[in-house]
Amino acid sequence: MQRPSGKAFLHVLLLYGVCVIMVATGLFDGVCTELGYEYYAERPVSWLPRFIAMPCNSIVNLGYIAVGAYWLWRRPASPGEAYHKDVFAWMALGYGPVQWARLATQTQRPAALDQWVTLPIFAWVLVWAAHLLGGPATLALATQAASVASYGLALAHCLGFELALAGHILLAVLAGLAAQSRLGGRDSLRHLGLAVASCAGFVGLKLLDQPLARWGLLPGHLSGHFLSKICDILQFHFSFCFLESLGGQKERRRAE
């Protein structure tokens, strides 16, 4: 029987692989993306290689790899949650290089891929929460398929991705609240609050990237985009903490 981590890796590889192949066909070449250093408050350093031309914005992507590796290494609170934990961890590990490629190349296809894979990552919170609440196994496939398909909104309208992302964030928060109300305790509530706060920072600081630079509120190469990525990494971590805490509490209730 295949170990949960191996099964999870293959599933994430398939998901990311489908997205890479579809983007490579040029299907999303017309999607609205922000290309060029002018969209970032951090100024590029001319003498550095392109992959770290914006040092802070680039190197922060190691954080996704670190948090993914940490949660892959960490044993699940409940054996039944190993697969869901490992899928989420492999998603984090894979997202770091995707985001880094977008920054390094400043070209359309890596930018579209970056947008696209963000959606099933948020959708996995819904999948994991539904699993904890006893939802059917087929829900994971249906949710991920719907999430991947929702990027089609970006083809229909220039703000299609933003609309899809907002919907994913809202559903993830509602799923977390539903799971907390059924299974949660004080610890999981704290982690949920930190995850939601990190999500707000992720969105808000990204939108304030240029204004923060104009107002001179951040020193040196630090920028709203950089701090947004820190919040996104924390969002991953606290989502893990929250869902793992619920899994542990569910396991303890079964044992009583």
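Modeller: Helices (H or I, at least four residues) and strands (E, at least two) are DSSP runs, numbered from the N terminus. This is a predicted model, in which residues are numbered from 1 along each chain as its sequence is written, and side-chain values use heavy atoms, leaving out hydrogens and water. Local features need pLDDT of at least 70 and side-chain atom pairs pLDDT 80 or more, whereas totals for chains, interfaces and linings use all residues.

Biologist: Where does Q106 lie, and is Q106 buried or exposed?

Modeller: Q106 is a residue other than glycine with a positive phi, near 50 degrees. Its place is in the loop between α4 (82-105) and α5 (108-132). Buried means under 20% relative accessible area, exposed over 50%, and partly exposed in between (1.4 Å probe, protein chains only). Because its relative accessibility is 14%, Q106 counts as buried.

Biologist: Which residue forms a salt bridge with D114?

Modeller: A salt bridge places a side-chain nitrogen of Lys or Arg within 4 Å of a carboxyl oxygen of Asp or Glu. For D114, the N to O distance to its partner is 2.7 Å. The pair links distant parts of the chain, 12 residues apart, with D114 in helix α5 and the partner in helix α4. Both residues are buried, and the partner is R102.

Biologist: Why are R190 and D187 separated by about one helical turn?

Modeller: The side chains of R190 and D187 meet in a salt bridge, at 3.1 Å from N to O. R190 is partly exposed because its relative accessibility is 44%, and D187 is partly exposed because its value is 43%. The separation is about one helical turn because, in helix α9, the two residues are three residues apart.

Biologist: Which helix gives the most residues to the lining of the largest pocket?

Modeller: On a 1 Å grid over the protein atoms alone, a pocket is an open set of points with protein on both sides within 12 Å along at least five of seven lines, and lining residues have an atom within 4 Å of a point. The largest pocket holds about 1,000 Å³ of space; of its 45 lining residues, those closest to its centre are F161, L165, F202, V203 and K206. Two or more lining residues come from each of α4, α5, α8 (160-183), α9 (186-207), α10 (209-215) and α11 (224-255). With nine residues, the helix that gives the most is α11.

Technical notes:
On a 1 Å grid over the protein atoms alone, a cavity is a set of points where a 1.4 Å probe fits but cannot get out, and a pocket is an open set with protein on both sides within 12 Å along at least five of seven lines; lining residues have an atom within 4 Å of a point. Grid points are joined across faces, edges and corners, and a volume is the space filled by probe spheres set on the points.
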